Amino acid sequence: MFAELYGNEDAKTHARHLLKIGRVPSSFLLAGPEGIGKRLFALELARAFVCTEPIDGEGCGQCSACGRVMRFVFPEPTDKTKDEYKKVFFSEHPDVGSVVPYKRLILVDAIRDLEREANFRPYESKARFFIVDEADKLNDNAANALLKTLEEPPDSTYLILVTSRPDHLLTTIRSRCQMLRFTPVGAEEIARCLSSKSVFQGDEAKLVARHASGSIANAMSFDLEKFRELRGSMLGVVKNVITSGNIPPLLQMSESMNDAKGKEDYEPSIDVLESVVRDVWLLKNAAGTESVTNIDIAKDLSELARSADARKLREWLAAINELRRNFASNINRKVATDALFLQMAAG
């Protein structure tokens, strides 16, 4: 049932209305950030059509059909399994299938198989559902093959495209789908989800939720121990540049972040550094402690804010963002990190 999904109430309300009046479009495009539940939303739409005991037009979530819809098996994409990615993957329910990328691309053969399967009548239910996951990974051939099905969909077939980058899809594909836009899930709802699933509880759930970037998937896989380790290091950097500007420890930290052992955590470290600096900036500008991301160390951050310069904090945030924009280019990260820390120490 849609009530079991977190966030995006507008999308759920719209879907319920379409189900109630019997006007569900044959093609949907679910667009929004990664990890916020778009695929689960698509599966809930499918449940509404295959459920044997629907409740107010939605899947009950309890019957055999509802359970089988959710159970997919996707093999690891390797050279040995490539041929499996040339076909539609079906859940344990024969009327609900999915096309997923093989490594970086959705194979044209998979879309052609979808076109063939879409013309079959439902086996058990009143409709067949096909989900194209990460639809932005359609190449030109696959996209053009999908257009054929989108232009003339069989009466009992529904296509749902899921993407975090709708602008990467052909305009002709977007124009043939009704788009539902999804937004990041609020921190309170993510915390509630984590608590209900016994992943994190209490203050830990609140902390993780604030660092999940609106993504339940991020929150569910959050490594809190590693995060606290990285934050301790980045908090040390911020304390240094605000209180003393002692350069040798900063260069040592830069060295550690860029050596073979630490380079895997480099970008997460920069993200954590930004969150700490932003929190100090917010507190410096009289924001309440509830507005900060690192809520568990709000007291330490408040003390730093009293000694910090608001203009410098703003400049540091701009410099961190500039560094992040350069990740796509072949920059020397050690040199770039040294420059960032020296700029922060110099004020």
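Reply: Happy to! Let us begin with a word we will need: a residue counts as buried when its relative accessible area is under 20%, and as exposed when that is over 50%. Keep in mind that this is a predicted model. Of the 347 residues of its chain, 48% count as buried.

Me: Which residues of α1 are buried?

Reply: In helix α1 they are A11, K12, A15, L18 and L19. Each of these falls under the 20% cut-off, because that is what buried means.

Me: What puts them on the same side of α1?

Reply: The arc they cover around the axis is only 125°, which places them on the same side of α1. On the other side, D10 and K20 are exposed. The buried residues pack against β1 (27-31), α2 (38-50) and β6 (178-181).

Me: Why is β1 called largely enclosed?

Reply: Five of the five residues of β1 are buried, so the rest of the structure largely encloses this strand. Both of its faces are covered: S27, L29 and A31 are buried on one side, F28 and L30 on the other.

Me: What makes β1 and β5 a pair?

Reply: Pairing needs at least two bridges, and that is the test to apply here. Five bridges join β1 to β5, and the two run parallel, so they pass the test. S27 stands opposite L159, and A31 has T163 as its bridge partner. The strand β1 is also joined to β6, in parallel, by four bridges, with M179 as the partner of L29.

Me: What covers the story of β5 itself, residues 157-163?

Reply: Seven of its seven residues are buried, which makes β5 mostly covered. T157, L159, L161 and T163 lie on one side, while Y158, I160 and V162 lie on the other.

Me: Why is the unit of β4, α5 and β5 called right-handed?

Reply: The name is given because, with the strands pointing away from the viewer, the path from the first strand over the helix to the second runs clockwise. The unit made by β4, helix α5 (residues 140-151) and β5 is classed as right-handed.

Me: What makes a group of residues a nonpolar core?

Reply: Its members are buried residues of the nonpolar kinds, joined through side-chain atoms within 4.5 Å. The largest such core here has 86 residues, and L30, F41, I160, L273 and V277 have the most contacts inside it. Helix α10 (residues 224-243) gives the most to this core, with nine residues. A second, separate core of 24 residues includes A110, A135, L159 and C177. In soluble globular proteins, nonpolar side chains tend to be buried together.

Me: Which residues does I160 touch?

Reply: Leaving out residues up to four places away in sequence, I160 touches F28, L30, A42, L45, F129, F130, I131 and V132.

Note on methods:
Residues numbered from 1 in each chain as written. Predicted model: local features only at pLDDT ≥ 70, side-chain atom pairs only at ≥ 80, totals over all residues. Heavy atoms only, no water. Buried < 20%, exposed > 50% of the residue type's maximum accessible area, 1.4 Å probe, protein only. Arc of directions from axis to C-beta. Contact = heavy atoms within 4.5 Å.
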